[in-house]
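Let's walk through this fold together, going from the strands to the core and then on to the helices. Keep the model open beside you as you read.

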Amino acid sequence: MTDTQEPARPGRLAVDHTTLNGILVVTLSGEIDHTVKDQFSNALLSCDGAAPLRIVADLSEVTFMDSSGINILLATHQKASSKQGWLRIVGAQQAVQRVLHIVGVDQIIDCHPTLEQALTS
């Protein structure tokens with residue numbers, strides 16, 4: 001898979017895809033809310049529209065996430081897990097990490113401080 005990137009618009013979500021050792025790494029920047037939920041959901045899918053088996057969502061440049069983003073992360077986690085795969089989160093900033101912790105996502109989906117840890121754990 002080749003790297004792809006969707007340009008950022010002010011206050012919007014930018015998405016970059018990379019595949020490392022068969023793992024889809026989705027690097028996101030901007031804000032994740034109801035206005036970009038379809039874009040975020042599609043970003044976590046493979047080219048054929050299916051949930052890949054192994055996904056790392058890099059949230060290090062995400063400044064805000066609401067319940068729309070939480071729901072998409074949980075749905076993607078369930079899809080990947082049903083195929084014996086996984087979703088991991090990396091680099092969530094403090095504001096996003098707080099939301100993940102408050103709603104318990106960090107108890108369901110593995111969260112890591114670095115991409116290297118997310119890829120190798």
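In which sense do β3 and β4 pair, and over how many bridges? The two strands run parallel to each other and are joined by eight bridges, with V26 standing opposite A57 in β4. Strands here are DSSP E runs of at least two residues, helices are H or I runs of at least four, and both are numbered from the N terminus; two strands pair if DSSP finds at least two bridges between them.

A word on the source: this is a predicted model, in which local features need pLDDT of at least 70 and side-chain atom pairs count only at pLDDT 80 or more, while totals for chains, interfaces and linings use all residues. Residues are numbered from 1 along each chain as its sequence is written, and side-chain values use heavy atoms, with hydrogens and water left out.

Now look at the other partner of β3. Strand β2 (residues 14–20) runs antiparallel to β3, and seven bridges join them; T19 stands opposite L24 in β3. Two residues lie between the strands of this hairpin, where N21 takes a positive phi near 50°.

A nonpolar core is a set of buried Ala, Val, Leu, Ile, Met, Phe, Trp, Tyr and Cys residues joined through side-chain atoms within 4.5 Å. The largest one has 25 residues, and L28, L59, L73 and L100 have the most contacts inside it. At least two residues each come from β3 (23–32), α1 (37–43), β4 (54–65), α2 (67–82), β5 (86–90) and α3 (94–102). The biggest contribution, five residues, is that of β4. A second, separate core of six residues includes V25, V56, W86 and A118.

At the start of α2, a side-chain oxygen of D66 comes within 2.9 Å of the backbone nitrogen of S68. Just after the helix, Q84 takes a positive phi of about 65°.

Finally, find D106 in helix α4. D106 is partly exposed, with a relative accessible area of 25%. Leaving out residues up to four places away in sequence, D106 touches L100, H101 and C111 (contact means heavy atoms within 4.5 Å).

How values were computed
Buried means under 20% relative accessible area, exposed over 50%, partly exposed in between (1.4 Å probe, protein chains only). A polar contact is a pair of N or O atoms within 3.5 Å; within protein, one must be able to donate a hydrogen and the other to accept it, and residues adjacent in sequence count only if both atoms are side-chain atoms.
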